[in-house]
Amino acid sequence: MQISDRHGVRPLAPPRRSSRRALALVVAGLLLGSAVLVGIDQPSAVAATTPVEVTVNARAGLATVPDTALGVNHAIWDSQLGTTDTSDLLRAAGVQMMRYPGGSYADIYHWRDHTAPGGYVAPGTDFDTFMAGVRRAGAQPMIIANYGTGTPEEAAEWVRYANVTKGYDARYWTIGNENYGNGHYGSAWEADHHPDKSATYYANLVVAYADAMKAVDPSIKVGAVLTMPANWPDGLTAGEDPGPWNQTVLSIAGQKIDFVDLHWYPGGSAAESLPRTSHITDAVHLLREQITRYAGPNAGRIGISLTEVNVTSQGMTSQPAALFLADAYSGLLANGVFTVHWWNVRNGIGQVSTVAGQTDYGDFGMLSSGTCTSDGSVCEPPLNTPFAAYHGLSMMSRFARTGDQFIRAASDDALVAAHAVRRANGEVAVLLVNRDPDNAREVVIDYAGFAPSGGEPTVHTHTNGATAITTSRSGSATSRTLPPYSLTTLVVESADPGTGRPGAPGQPTAAEVTDRTATISWPAATRGASPIAKYEVYRQYGAVSEQLGETSGTSLTVGNLVPGGRYTVNVLTRDTAGRISWASPPLTFTTGSPATSTCGVRFTLTTDWGNGYVANVDIVNDADTAIDGWTLTWTWPTTWQRVGSGWSANWEQVGATVRVTGTDDNRRIPAEGGTSAGFVGEYSGPNVTPTAFRLNGALCTIL
């Protein structure tokens with residue numbers, strides 16, 4: 001019998017909760033407390049009889065699905081790691097990448113003698129056995145080099161053995177696992193034998209690891225551990241570090257790494273965790289901002305991996321896991337993450353409960369370990385029985401295949417999530433997630449930039465408690481009934497064969513971005529059956545495309561933009577016969593503030609504790625006359641941010657709009673003078689800084 005903890009399964013030991021697991025619950029509780037206060041992440045149920053409107057926009061292109069997209073975690077405590085049954089199951093689910101040797105165990109694992117002092121290593125889990133299983137499944141490895149108790153030399157020798165001696169062609173190597181959990185910020189679950197536990201020390205050793213490992217094989221990709229924006233310890237600075245963990249690591253090691261590696265456990269009940277997939281776009285945006293700001297020249301080459309994802313608290317083996325997996329994988333991949341990994345293949349029984357009428361075994365794994373509670377009162381299904389998360393991953397392999405391009409999809413019902421991809425053969429696949437555990441949802445689907453054929457679509461469905469995905473051809477491409485707590489994928493053929501269509505333009509870039517304009521450029525497309533007539537530039541406005549302009553060249557200056565606005569644009573090719581291409585890869589940029597103004601604002605976060613912070617707001621009057629009575633306004637970029645309390649001003653928030661007015665002491669700002677105020681901010685998702693401030697209606701320069 002095996003009993004699970006957060007990062008492992010140990011034989012015949014009393015159940016315990018690791019410090020990492022406990023911390024996750026504490027942080028989740030803090031976030032949930034804020035969510036209740038702010039009134040977010042609690043979507044109201046729409047009457048089940050109200051049709052849900054879903055929009056799928058083929059002109060609004062997002063990221064392309066890579067061949068590393070669908071990942072899982074393997075661990076050296078799992079005696080089934082290398083079995084043929086395991087490989088066959090993972091291959092059948094479409095797994096493309098496997099991580100080894102397993103979470104926090106990576107920082108105590110020594111590959112040469114296959115030991116993990118202080119932990120349990122199951123027979124038949126050594127590196128060669130793992131690689132044999134990876135190859136049988138047709139996947140690629142993601143290997144964690146031991147940072148906590150290892151050395152750069154040990155990691156370099158592992159690279160030599162893997163790629164020179166054995167010819168495994170292992171491309172992806174991460175330096176450590178959750179190393180911010182080494183006690184530097186107070187909580188400690190990650191092994192770290194170094195005398196200095198700081199982010200600075202970790203970053204400098206990442207440089208040493210990367211140099212040593214790439215000296216053996218320059219073609220490998222090396223990743224550094226970061227933390228997900230709005231997740232602990234994001235925003236915290238400790239010791240002598242120059243800033244928070246992400247800033248410090250990127251500033252020192254950014255030029256040496258090829259990707260950053262993060263984990264995400266949203267926490268809470270199923271009803272609380274499932275909607276938090278709405279945080280993904282802003283979290284990835286903030287992460288890319290950090291990479292751009294701190295990682296130095298050519299930071300755009302740095303990829304993003306999410307190598308641990310799970311719902312954490314409730315529904316780990318029941319339907320919430322399947323819904324969350326499909327929704328989260330889709331959202332992350334659409335935003336350009338190159339691989340997403342479920343934690344984990346097997347783990348062991350935990351706290352048993354009932355979720356939406358189904359037994360949930362509290363097991364982080366997607367395949368049953370066949371374990372029982374310590375008193376033997378409850379046992380999991382037989383070994384290798386797929387849990388709901390396995391079916392969620394299997395659905396992902398039916399929905400988003402290598403080379404497909406994600407396109408915008410949106411729903412007008414908070415309990416229904418929608419994702420879509422466009423395939424090289426012209427098909428569009430639509431993934432629909434019904435998060436309502438009690439009610440079916442009638443859905444109508446509107447397509448833009450795509451004409452569905454009149455034939456029946458292929459339909460893949462997984463319902464609450466089902467032991468498999470059902471597949472059929474039925475119904476229409478424009479309407480569907482979604483069972484309660486279900487995943488549904490429609491694969492829709494195109495009415496237009498696309499013969500002779502021109503190629504899509506290459507990756508657009510933005511230059512000369514001001515508060516109102518930006519110059520968009522792109523590599524020319526290849527012509528199809530007819531000459532290229534023009535290129536059309538579209539802004540993604542939700543799931544709707546808004547044309548910003550067109551040109552016969554490969555560059556266009558677009559105007560009438562909103563200061564401080566975040567824009568995602570695509571370029572499409574149209575030929576002289578009216579045929580239109582696929583969308584280009586997406587480009588996201590943010591406009592600035594006015595170069596000159598009668599006012600200026602400096603917005604500074606001084607202290608951050610993970611779901612709140614203290615901020616100072618400095619206001620400068622650049623006019624040649626005094627201001628007698630002032631009002632400063634801004635709008636939060638998200639729905640989960642708010643002002644909690646403030647000082648040196650009168651503070652008010654209505655909806656997402658903040659209104660700050662002067663007090664009797666500072667209502668008058670002299671010419672070329674200034675004043676300051678401060679507040680306590682609260683957030684329960686990515687804390688995106690506001691980008692446009694108005695003083696008495698005038699748009700200010702951000703200082």
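## Disulfide pattern

Counting the bonded cysteines along the protein chain, the disulfides follow the pattern 1-2, 3-4. The model discussed here is predicted, and the structure holds two disulfides. In general, a disulfide is a covalent bond between the sulfur atoms of two cysteines.

## The disulfide of C372 and C379

One of the disulfides links C372 with C379, and the distance from S to S is 1.9 Å. The link of C372 and C379 is right-handed, with 100° about the S-S bond.

Are the two cysteines buried or exposed, given that buried means under 20% relative accessible area and exposed means over 50%? C372 has a relative accessibility of 16% and therefore counts as buried. For C379 the relative accessible area is 36%, so this cysteine is partly exposed.

## The disulfide of C599 and C700

Another disulfide joins C599 to C700, with an S to S distance of 2.0 Å. About the S-S bond of C599 and C700 the torsion is about -100°, and the disulfide is therefore left-handed. Which parts of the chain does this pair tie together? C599 belongs to strand β29 (residues 599-608), whereas C700 is found in the loop between β39 (698-699) and β40 (701-702); the pair therefore connects parts that lie 101 residues apart in sequence.

C599 has a relative accessibility of 1%, so it counts as buried. C700 is buried as well, because its relative accessible area is 1%.

## Packing of helices α2 and α3

The packing of two helices is described by the angle between their axes and the distance between the axes. Helix α2 spans residues 84-92 and helix α3 spans residues 127-137; the two pack at an angle of about 40°, and their axes are 8 Å apart. The crossing in which α2 passes α3 is right-handed.

Which residues make the contact between the helices? From α2, the residues T84, S87 and R91 meet G133, R135, R136 and A137 of α3. Sorted by class, the contact of α2 with α3 comprises three charged residues, three polar residues and one nonpolar residue.

Conventions. Residues numbered from 1 in each chain as written. Predicted model: local features only at pLDDT ≥ 70, side-chain atom pairs only at ≥ 80, totals over all residues. Heavy atoms only, no water. Axes fitted to C-alpha atoms, helices over the stretch in contact; angles between N-to-C directions. Helix = DSSP H or I, 4+ residues; strand = E, 2+ residues; numbered from the N terminus. Left-handed = near helix turned anticlockwise from the far one by under 90°. Contact = heavy atoms within 4.5 Å. Nonpolar A, V, L, I, M, F, W, Y, C, P; charged D, E, K, R; others polar. Disulfide = S-S within 2.5 Å. Buried < 20%, exposed > 50% of the residue type's maximum accessible area, 1.4 Å probe, protein only.
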